[in-house]
Amino acid sequence: MELLRLLPLGSPPAFTPMDSKRARQPRCPSSCTCTKDNALCESAGLIPRSFPSDVISLSFVKSEFTEIPKESFIHTPALHLLLFTANNLDSINEDAFLGLPHLEYLSLAYNNLETLPKDLFKGLEALTKVDLRGNQFTCDCKLKWLVEWIYSTNATVDQIYCKGPASQVDKKINDLVSQSFDCITTEFASYQSLKFESISVEAFSFGSDQYVVFAQPFIGKCRFLEWDHVEMVFRNFDDINSTSTVICKPLVIDNQLFIIVAQLFGGSHIYKRDTSANKFIKLQGIDILKIRKPNDVETFRIDGESFFVIADSSKAGSTTIYKWNGNGFYSHQSLHPWYRDTDVEYMEISSKPHLILSSSSQRPVIYQWNKSTKLFDQRTDIPEMEDVYAVKHFQVKSDLFICLTRFIGDSKVMRWDGALFREMQTMPSRGSMVFQPFPVGNWQYAILGSDYSFTQVYRWDVKKGEFVHFQELNIQAPRAFSPVSIDNRQFLLASSFKGKTQIYEHLVIDLSN
């Protein structure tokens, strides 16, 4: 109490050591030299975390560090100039310059930078000058953002050049445009594995829903799956029980769903979906004398009429076309008796309906539709193409191509030149029983399965005008593939004769991100 009386009335409180600590200004780091508002750091081992508050210009020279870490200047928000000229920088964290709203000049010139992280300059609204000269920039998709930023910013950026890749060397980055980069790619990513073997797969729409059906030969079943919009997986929908099932082919006519169930034993049958009873009912059998060993089924429409054709691979059977008459399907035309056909493909060549039959006993045979007789006439074959197991077609713009599957030897891609199919590409394919082309969005693919190695995915290169190797998939003894689009997502269904049936999702990837 006596001490308090000695203090004059209204005197300020005593200055404590804690107050001294609070008021103390940050000192100039030992590796730097500071003047009134400038700091120069030479041979610094790392970036100091604090500087005197009146420093607005900071320079680093001959630094020992090679990276600018995250939030390196968060405690120096007043900086106007920041220079890293002629150091050994090779990487910068994307948030390195966070918290510098007043920064006007930034120099990263003459370092070893090959790229810069996307949005590195985000939040630097006051920038008027950026110097990036003298670096080793690789002008790939990772640098696409910089090209777009240079185009949109008000800051001045000195002329900089590409040092790679070979196609871009010495090009001026300032003159590039976003279209200079091809950064969109794709991938088939494993999505769902189904615990059953299958030999064929088909995707189809009925009503407003999308379905897939697999033929399971070992348990004699057509297994139907539907998409679960909540769980985001394919789930069981229904089954058709049969014997040694090899193909379950859907065909929708006048809002009626038919399933052609091809069997190795016991004859083949046609089922119809009874929507009121919510089940499949057997509609009719298929002539067992003509179809003894079915190997493929193809559906098509000509002049508003619905057909399907079954390729028969037995010595005594005959590939046969069936036609819908309003009540059932009847035999319309027999093709190629005694030739052991393994595949049939419907396509239009020069706007005219055609069938191509592949056979183990001769080269693929081309049939053309005769409008007057309403039958297919044999036209020609594909020369010098023995041992073709199957033929599948695809189009790129107005050009027609076919993929020819060969179990022994090389599979082929051929192009229609207006008179005949000419070979244009060869793929090694030992052990292949499926070479399936299919489009997904704007991309054209072909997938080559093998019993002895990985399944090879090819993607069409528009510039080269041919398929280029794209991806490998691990599928045991693949037999069929089918793309399906659901909820704006793209999937690839893959049947496996000796392992789990697989479902892949087609992903679109932006490499610039």
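Visitor: What makes strand 3 and strand 5 (residues 81-83) a pair?

Guide: In this predicted model, strand 3 and strand 5 are joined in the parallel sense over 3 bridges. Two strands count as paired if there are at least two bridges between them, so the 3 bridges found here meet the condition. Within this pair, Ser59 stands opposite Leu83 in strand 5.

Visitor: How do you know that strand 2 (residues 38-42) and strand 3 pair?

Guide: The two strands share 5 bridges in the parallel sense, and since at least two are required, they therefore pair. Here Asn38 stands opposite Ser57 in strand 3.

Visitor: Which residues touch the most other members of the largest nonpolar core?

Guide: That core holds 48 residues, and Phe73, Leu82, Phe84, Phe97 and Phe121 touch the most other members. Strand 2, strand 3 and helix 3 (144-152) each supply at least two residues of this core, and helix 3 gives the most, with 5 residues.

Visitor: What does Phe84 touch?

Guide: Leaving aside residues up to four places away in sequence, Phe84 touches several residues, among them Ile47, Phe60, Phe73, Phe97 and Asn111. There is also a second, separate core of 16 residues, which includes Val246, Ile253, Ile286 and Phe329.

How values were computed. Residues are numbered from 1 along each chain as its sequence is written. This is a predicted model: local features need pLDDT of at least 70, side-chain atom pairs count only at pLDDT 80 or more; totals for chains, interfaces and linings use all residues. Side-chain values use heavy atoms; hydrogens and water are left out. Helices (H or I, at least four residues) and strands (E, at least two) are DSSP runs, numbered from the N terminus. A nonpolar core is a set of buried Ala, Val, Leu, Ile, Met, Phe, Trp, Tyr and Cys residues joined through side-chain atoms within 4.5 Å. Buried means under 20% relative accessible area, exposed over 50%, partly exposed in between (1.4 Å probe, protein chains only). Contact means heavy atoms within 4.5 Å.
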